[in-house]
Amino acid sequence: MAAPLSSITDILFTDTKRTRFTTNTNTNTATTNPNPNPLKPKTRRKNFPIHCTTSKSNPEAPSTTTKKNPSLSEQLTPLANKTLSTSIGIQPNVLSKPKSTWVNPTKPKRSVLSHQRQKRAPYSYTPQLRDFQLFAQKINECGNSDDEFSDMVKEIPHTLTRENALLVLNSLKPWPKTHMFLHWMRTQNLIPMETIFYNVTMKSLRFGRQFQLIEELAHQMFHDGIELDNITYSTIISCAKKCNLFDKAVYWFERMYKTGLMPDEVTYSAILDVYAKLGKVQEVINLYERGRATGWKPDPITFSVLGKMFGEAGDYDGIRYVLQEMKSIGVQPNLVVYNTLLEAMGKAGKPGFARSLFEEMIESGVEPNEKTLTAVIKIYGKARWSRDALELWERMKENGWPMDFILYNTLLNMCADVGLVEEAETLFEDMKQSEHTKPDSYSYTAMLNIYGSEGDVDSAMELFEEMSRLGIQLNVMGCTCLIQCLGKAMEFDDLVRVFDVAIERGVKPDDRLCGSLLSVLSLSQGSKDDEEKVLSCLRKANPKLVAFIQLIVDEETRFEAVKEEFKVIMSNASVEVRRPFCNCLIDICRNKDLQERAHELLYLGTLFGLYPGLHNKTNSEWCLDVRSLSVGAALTALEEWMWTLTKIVQREEALPEFFLAQTGTGVHKFAQGLNISFASHLKKLAAPFNPSEEKAGCFVATREDLIYWVRSKFSSAAVAT
């Protein structure tokens, strides 16, 4: 008999209708075609080793009878009859039939870069299974003390095995019990400690945000020589991120790379978010590109992280890069990604692109939620696109899109910013008629802001009475808007009543409320009785500020004392109210005809950086920008500037060709009247400034006119003396 010949038949399945097979006669090993792309699924190939012998007899001719669509077994029958040995002593080495696995065709297999994750061992039913489940339940119900736990583990029903240990660890719900049971397993040394035991325990500790314990377990694994796998590092990194320990997350991620482990998509998404929150934009981009180079396909969460990062930085090009990457990879944005990108567009100041992205979302079939619509409305409001915002509101009602308090209040604030009183009132009435979005404190505050900006005292007070009647809490912002409205109307009795009611209802005055009272005080030019009413409210809100007012209006107070107290007042005030405070204090001094004190306060404000853009100089133009000043502060700054220019002309120093004073057009509610008062003061000084024909809210003077004005002014003074 000839020597036996080992042969492998490769069956290649190409589709459900056609079957092709080849015979590989390599005497050593089967020839396989390596898959060039490790992430691309391989073609299904089954290898059947066939033990055969050779003989001198001629093979029988195959049957000429043809069958329609022969089965695979029928195709292999002739080959088997001629190649398989009939000798009893020689048995074919046939592989066992693989277990069939059902795959859901509608749910794609999760792509994993690293295959070093532990596979979950299936639990087979044994009589001990029920006993260990009850045992785990008893541990869950016992106390957390060491003594109670020690007494409970003594009741372990059977000898501990790997499968039973995993069952107990997965069944323990409180993280302290999981940690105590792992420690007990390690000290008892009943079974070898494996990585999967630590992974299950770490996941339980992550749920309890116990990063310190997780890190201790990781160091314990290093000490005991237990390998940390992908799941271990992923759990450590994600827990550090969850606990806002971003430096720790970066440390363990870098340590993971040094071990040679490749992170999976969960780890990649987590560490990208960590780098983004640390503001390490370049590191995020490098890590993203490194992951893409290894074949990683980012999920929508990753793109949401990237979009948020670029949005925080106001990087419009970065946001476009995210969209292009999603299209190139074929990732369809979900609602979370769209919301993140829309918010990013708002921070980047791109309302047009945000509108296009919103329309693209609608066309793709993704329905917006309250967060989406709120983001778009905020973008339109910031860009003062009131028409687009109102059109979107109509679409919300027509399509039945969800609207909540935040969305309604955002619309109301947008109407307040652009002065759409009627539209705001319509929105407010819609809220009253709605069953789910009744007006709350913030809704009433928005309406008070609108009426206060318009100076509609009657509507504002009517709304205040309605709030009192319905028991709606007046917050500090609503109180501020109402006091400012009443102060401009000189309704001091109602102002005091509103302030006292607010204090009784628990409103704690903040710096903005104090600034509103200070503004009212600067505007009051009536009797001392009215001034005292405002001071009484301000004294309850900020007694130190009232003491400083009394200090500066005293002509005997020295400048050094004013400077020291000014520094204390401004240091205690929040940053956004420091300049308004200084403006109001200057106005108060000018109202009391304390011009020199007003100039001292302007000097102190400039000294402490409250007016950084007041003076701007170029080779051809010097500019005085008073758009952020009150009327009294602007006039004081003009007088100071003209005095300085006069000194420069007298010293015959170099001057630019043009001089420009900017007051703005008075569109902003706090800038109303500034342009008129400034022009009137220029006439009073006979300064050579004329309104600009090219730019509204500007006054221009040439170098020749300014020199002529200075010389004529001092020559007239010399003649008079």
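Glu 652 lies in the loop between H30 and S6, where helices (H or I, at least four residues) and strands (E, at least two) are DSSP runs, numbered from the N terminus. The phi angle of Glu 652 is near 55 degrees, a positive value in a residue other than glycine. Glu 652 is exposed, with a relative accessible area of 68%; exposed means over 50%, buried under 20%, and partly exposed in between (1.4 Å probe, protein chains only). The model is predicted: local features need pLDDT of at least 70, side-chain atom pairs count only at pLDDT 80 or more, and totals for chains, interfaces and linings use all residues. Residues are numbered from 1 along each chain as its sequence is written, and side-chain values use heavy atoms, with hydrogens and water left out.

- The loop between H31 and S7 holds Ala 686.

**The sheet**

- Five strands form an open sheet with mixed pairing, in the order S4-S5-S6-S8-S7; two strands pair if DSSP finds at least two bridges between them.
- Strand S4 (615-617) and strand S7 (690-691) are the edge strands, each pairing on one side only.
- Strands of a sheet pair through backbone hydrogen bonds, either parallel or antiparallel.
- Strand S5 (residues 621-625) pairs with S6 in the parallel sense over five bridges, and Leu 624 stands opposite Ala 661 in S6.
- S6 and strand S8 (residues 698-702) run antiparallel and are joined by five bridges; here Leu 660 stands opposite Val 700 in S8.
- S7 and S8 also run antiparallel, joined by two bridges, and Pro 691 has Phe 699 in S8 as its bridge partner.
- Strand S6 (residues 658-662) is largely enclosed by the rest of the structure, because four of its five residues are buried.

**Helices on the sheet**

- S5, helix H30 (residues 631-650) and S6 make a right-handed β-α-β unit; a crossover is right-handed if, with the strands pointing away from the viewer, the path from the first strand over the helix to the second runs clockwise.
- H30 lies across S4, S5 and S6 and runs at about 155 degrees to S5; axes are lines fitted to C-alpha atoms, for helices over the stretch in contact, and angles run from 0 to 180 degrees between N-to-C directions.
- Helix H31 (residues 674-685) packs on the sheet and touches S5, S6 and S8, contact meaning heavy atoms within 4.5 Å.
- The direction of H31 makes about 25 degrees with that of S8.

**Aromatic pairs and charges over rings**

- The structure holds 19 aromatic pairs; rings of Phe, Tyr and Trp (its six-membered ring) pair if their centres lie within 6.5 Å, and planes under 30 degrees apart count as stacked, over 60 as edge-to-face and the rest as tilted.
- One of them joins Phe 253 and Tyr 257 edge-to-face, at 5.2 Å centre to centre and 80 degrees between the planes.
- Both residues lie in helix H9 (residues 246-258), four residues apart, about one turn of the helix.
- Phe 253 is buried, with a relative accessible area of 2%, whereas Tyr 257 is partly exposed at 23% relative accessibility.
- The rings of Trp 641 and Phe 689 have centres 5.8 Å apart and planes at 45 degrees, so this pair is tilted.
- Trp 641 lies in helix H30 and Phe 689 in the loop between H31 and S7, so the pair ties together parts that are 48 residues apart in sequence; both residues are buried.
- The charged end of Arg 290 sits over the ring of Tyr 257, 4.2 Å from its centre; this requires NZ of Lys or CZ of Arg within 6 Å of the ring centre and within 35 degrees of the ring normal.
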